[in-house]
Amino acid sequence: MRQTAKTAFRLPIIGTSLRRAADRVPPRGQRTWIQIPAGPSKGVWIKVEPTGLPVPVTSLDAFLAEANIERVGLIKMDIIRMHPVNEVLYHLGIQISRTQGIIRPPSDFMVTHERNPANLKNNSRGFHVFEELLYDVGVHPESYIDHECTFAAQHIGALNPQSILDSGSYHLFLLGLLAHFEVTTVDVRSRRPISSKESVITCDAKKLPLQDESFDVVLSLSTLEHVGLGRYGDEFDPDGDQKALREMVRVLRRDGVLIFSTTITRAQPSIGFNAHRIYSHAMLRELCEGLACVEERCYSVASQSWCSLEQVTTKPESWDIYCGCWKKS
Ligand SMILES: C[S@@+](CC[C@H](N)C(=O)[O-])C[C@H]1O[C@@H](n2cnc3c(N)ncnc32)[C@H](O)[C@@H]1O
């Protein structure tokens with residue numbers, strides 16, 4: 001994480017939307033950073049270095065005064081789903097970035113925890129013991145990404161393909177895939193191959209330097225919705241997603257399978273520029289025209305479970321996940 005400021009401030013997440021809003025705040029070269037913790041917490045508080053102590057503040061004015069934040073003028077941006085406090089801060093030109101969660105374990109946990117350093121030092125076995133409090137109890141965290149990857153893994157496992165092209169998918173998923181298969185990966189952002197079984201091609205997914213009908217499987221997780229919007233430094237192209245999908249189909253062998261995931265909504269399809277497009281099911285079907293559907297699944301981000309098409313979100317500008325497996329005949 002970038003830590004350029006001498007003074008660090010922290011704000012709690014107020015609603016999950018803020019986390020996403022924070023993601024798309026562009027760097028603006030200001031000297032103040034607001035750090036947003038990953039976990040929920042109540043009230044506005046700041047942590048001012050070098051004391052490192054959290055200072056609760058009850059109003060924005062107090063916060064700004066205490067933090068000595070300069071007003072840098074308004075900037076025009078369509079901010080959706082951002083908490084009012086953070087929206088005001090954003091309009092004041094304060095950069096927002098995500099950071100580790102504020103750790104506030106329950107008091108019963110703390111009682112035991114505070115006794116333990118002494119016990120640990122008595123039996124340190126040569127380890128130097130220092131304070132680094134984390135609280136990660138409860139249900140193991142999961143996200144929609146786990147489910148997209150599971151969808152892909154199940155289909156790839158059943159197919160046992162000889163050749164796989166991956167366009168933009170999750171790096172960590174590829175690490176697992178590479179344990180079993182050779183994979184050619186395409187991404188507009190360059191990277192080093194993470195194993196000898198990975199062939200990296202740095203290029204735009206709209207123009208693949210690859211032969212027609214050369215892969216058994218083409219995989220693309222959470223990428224299509226970004227192509228052409230410039231978020232990752234690719235060329236701006238309103239039809240980038242359609243072009244990229246056509247390319248994936250072009251390089252797929254006959255009887256080969258395209259596995260992809262993207263956003264889906266039952267509200268009006270939209271583009272949260274430059275983050276992503278949010279598709280209707282009809283649009284996704286149109287993108288896959290000419291292919292035969294093997295399986296489609298939807299995942300509800302709100303209920304954190306697979307859902308039917310009829311249960312996909314109707315909330316404007318919001319999205320769930322679509323996973324599709326399509327065969328080229
Ligand atoms: C949401 S990310 C997928 C996850 C990410 N690769 C990871 O390792 O976690 C979308 C990926 O698509 C890539 N991408 C976006 N537009 C692209 C384009 N036009 N051509 C090729 N890759 C593109 C991005 O660089 C990014 O890596």
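Select S222, which is placed in the loop between β9 and α7; helices (H or I, at least four residues) and strands (E, at least two) are DSSP runs, numbered from the N terminus. S222 is not a glycine, yet its phi is positive, at about 50°. Is S222 buried or exposed? It is buried, with 20 other C-beta atoms within 10 Å; a residue is buried if 20 or more such atoms lie within 10 Å of its own, exposed if 12 or fewer, and partly exposed in between, with C-beta atoms placed from the backbone.

Residues are numbered from 1 along each chain as its sequence is written. The model is predicted: local features need pLDDT of at least 70, side-chain atom pairs count only at pLDDT 80 or more, and totals for chains, interfaces and linings use all residues.

**The whole chain**

Of its 329 residues, 32% count as buried.

**The open sheet**

Next, select the eight strands of the open sheet, in the order β8-β7-β6-β9-β10-β15-β13-β14, with mixed pairing; two strands pair if DSSP finds at least two bridges between them. β8 (198-202) and β14 (305-307) stand at the edges with a single partner strand each, so one side of each has no neighbour in the sheet. On average, neighbouring strands are turned by 20° against each other, direction ignored, where axes are lines fitted to C-alpha atoms, for helices over the stretch in contact, and angles otherwise run from 0 to 180 degrees between N-to-C directions.

Within this sheet, select residues 252-264 and 320-328: these are β10 and β15, antiparallel strands joined by eight bridges. L258 has W326 in β15 as its bridge partner. Helix α7 (residues 240-250) packs on the sheet, touching β6 (164-167), β9, β10, β13 and β15, and its direction makes about 150° with that of β10. Contact requires C-beta atoms, placed from the backbone, to lie within 7 Å.

Then select D255, in strand β10. D255 also has a positive phi, of about 70°, although it is not a glycine. D255 is exposed, with 9 other C-beta atoms within 10 Å.

**A cis peptide bond**

Finally, select F273 and N274, whose connecting peptide bond is cis, with omega near 5°. N274 is placed in the loop between β11 (270-272) and β12 (276-278).

Terms used: Contact = placed C-beta atoms within 7 Å.
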